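Visitor: I've got a new model open on my screen and I'd like a walk through it. Could you pick a place to start?

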Amino acid sequence: MANLNIQGVAKSYGQVEVMSGINLKIADGELVVFVGPSGCGKSTLLRMIAGLEDISEGTISIGGNVVNDVNPSERGVAMVFQSYALYPHMTVFGNMAFSLQQAGRPKEEIIKRVNAAAVSLQITELLERHPRNLSGGQQQRVAIGRAIVRKPEVFLFDEPLSNLDAALRSQTRVEIAELHSRLGTTMIYVTHDQVEALTLADKIVVLNKGNVEQFGAPMDLYHRPANKFVAGFIGSPQMNFFNDQNVISAAQDTLDKPLKDIVTVGIRPEHLTPAHKDEAIVFGTVRLVEKFGEYDLVYLSSDTERDFIAKLVPDHVSAKRGARHGFAANVEHLHFFDTLGAAIAERNA
Ligand code: ADP
Ligand code: MG
């Protein structure tokens, strides 16, 4: 097992810089998720850690050793990709044993390690099958098994669940979390899905355009996003943003001390509660109600500006199309942003 230290890392392809100034300290045994929109640099950063891409600037250390010039196979990392790329002509056992055979490990040890990995992934009964006779979920487990048998210091996963259907994805997500707590190995997990990030991670790295927007525990990012990008990316449905002066003034009124430089007020759909017009911060007219059973998503048109969403207990509001409602939120659920989109941290909560 090992910690990971990424210092001042940048990546350019020719003249184009796609990542810059990346600084991250990942503790031994942590499960860290890199999350961000497509093209933000998640795979590039992961591949630099794995040694599959050169590092243009900065250093990456694994277990205290700078690995910039170390071969991928000698970094103590094992990577699982979105496309499993199993060897079609080999059995599951053969696929899982391959890297150990290449490394010249003794036969008994190989059998022992493959069997142990198969048990922990519950694929023992699949060992003699070929990949074409496996479901997507089973192939995905074999790909993870192939990584486990190598007993790496660090596991690197690049969107390993993207090819699975929704039900299997959430099941496999739980299995990966369990695997991590059982093995205790440092893991870096890349996804564009903020739900996967929130549910799996000890810590989340939010990436955007090759920069780290925020690095922290999932609930820190949810409750105290550093800026509008993180506020909008973490949480579903997205946080509502209001730029209207009336909303800003009404939100100010709920604070003990007024804040300066507020340009945007953010309130998550789940934190809006119906309120009498004297207490309400925002007002809107119902456009549409989506019923999910346990809650309603109420889509509203704001009087003055953009639309917003309230997540409400069913029937809490007689949410009929065309009805007008006011909403308030607890002061600790109000987020304030300045003209650059940075969170105005000082709150009176
Ligand atoms: P993500 O995994 O977050 O979707 P990537 O790490 O694959 O994003 O890509 C980050 C950025 O680097 C993108 O803008 C992409 O176009 C660019 N990029 C990736 N690989 C190359 C390459 N070989 N040459 C030039 N640009 C690349
Ligand atoms: Mg990618």
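**A walk through the model**

Guide: Let's begin with F327, which counts as buried at 1% relative accessibility. Buried here means under 20% relative accessible area, with exposed over 50% and partly exposed in between (1.4 Å probe, protein chains only).

Visitor: Before we go on, what am I looking at?

Guide: This is a predicted model, where local features need pLDDT of at least 70, side-chain atom pairs count only at pLDDT 80 or more, and totals for chains, interfaces and linings use all residues. Residues are numbered from 1 along each chain as its sequence is written, chains are lettered from A and ligands numbered from 1 in the order written, and side-chain values use heavy atoms, without hydrogens and water.

Visitor: Back to F327 then. How far apart are the ring centres of F308 and F327?

Guide: The two ring centres lie 6.0 Å apart and the planes stand at 85°, so F308 and F327 form an edge-to-face pair. Phe, Tyr and Trp rings (for Trp, the six-membered one) pair when their centres lie within 6.5 Å; planes under 30 degrees apart are stacked, over 60 edge-to-face, the rest tilted.

Visitor: Which strands do F308 and F327 lie in?

Guide: F308 is in strand β16 (residues 308–312) and F327 is in strand β17 (residues 324–328), so the pair ties together parts 19 residues apart in sequence. F308 is buried as well, with a relative accessible area of 1%.

Visitor: How many aromatic pairs are there in the whole structure?

Guide: A search finds eight. Elsewhere, F155, F157 and Y189 are linked into a cluster by ring pairs.

Visitor: Changing topic: which residues are around ligand 1?

Guide: Y13, V18, P37, S38, G39, C40, G41, K42, S43 and T44. To be listed, a residue needs a heavy atom within 4 Å of the ligand. Helix α1 (residues 42–50) gives the most to this shell, with three residues.

Visitor: Now R113. Is R113 buried or exposed?

Guide: R113 counts as buried, at 17% relative accessibility. Its place is in helix α3 (residues 107–121), and its side chain reaches the backbone oxygen of V149 at 2.8 Å.

Visitor: What else is R113 in contact with?

Guide: Apart from neighbours within four places in sequence, R113 is in contact (heavy atoms within 4.5 Å) with L100, R105, V149, R150 and K151.

Visitor: And which residues of helix α9 are buried?

Guide: In α9 (residues 245–253), V247, I248, A250, A251 and Q252 are buried. They pack against β11 (240–242), β12 (264–267), β14 (282–291) and β18 (335–337).

Visitor: Let's zoom out. How many helices and strands does the protein chain have?

Guide: Nine helices and 18 strands. These are DSSP runs numbered from the N terminus: helices are H or I, at least four residues, and strands are E, at least two. The C-alpha atoms fill a box of roughly 75 × 45 × 35 Å along the principal axes.

Visitor: What share of the residues is buried?

Guide: 48% of the 349 residues in the protein chain. As for contacts with a separation of 6 or more, 65% come from residues 24 or more positions apart.

Methods:
Polar contact = N/O pair within 3.5 Å; in protein donor to acceptor, adjacent residues only side chain to side chain.
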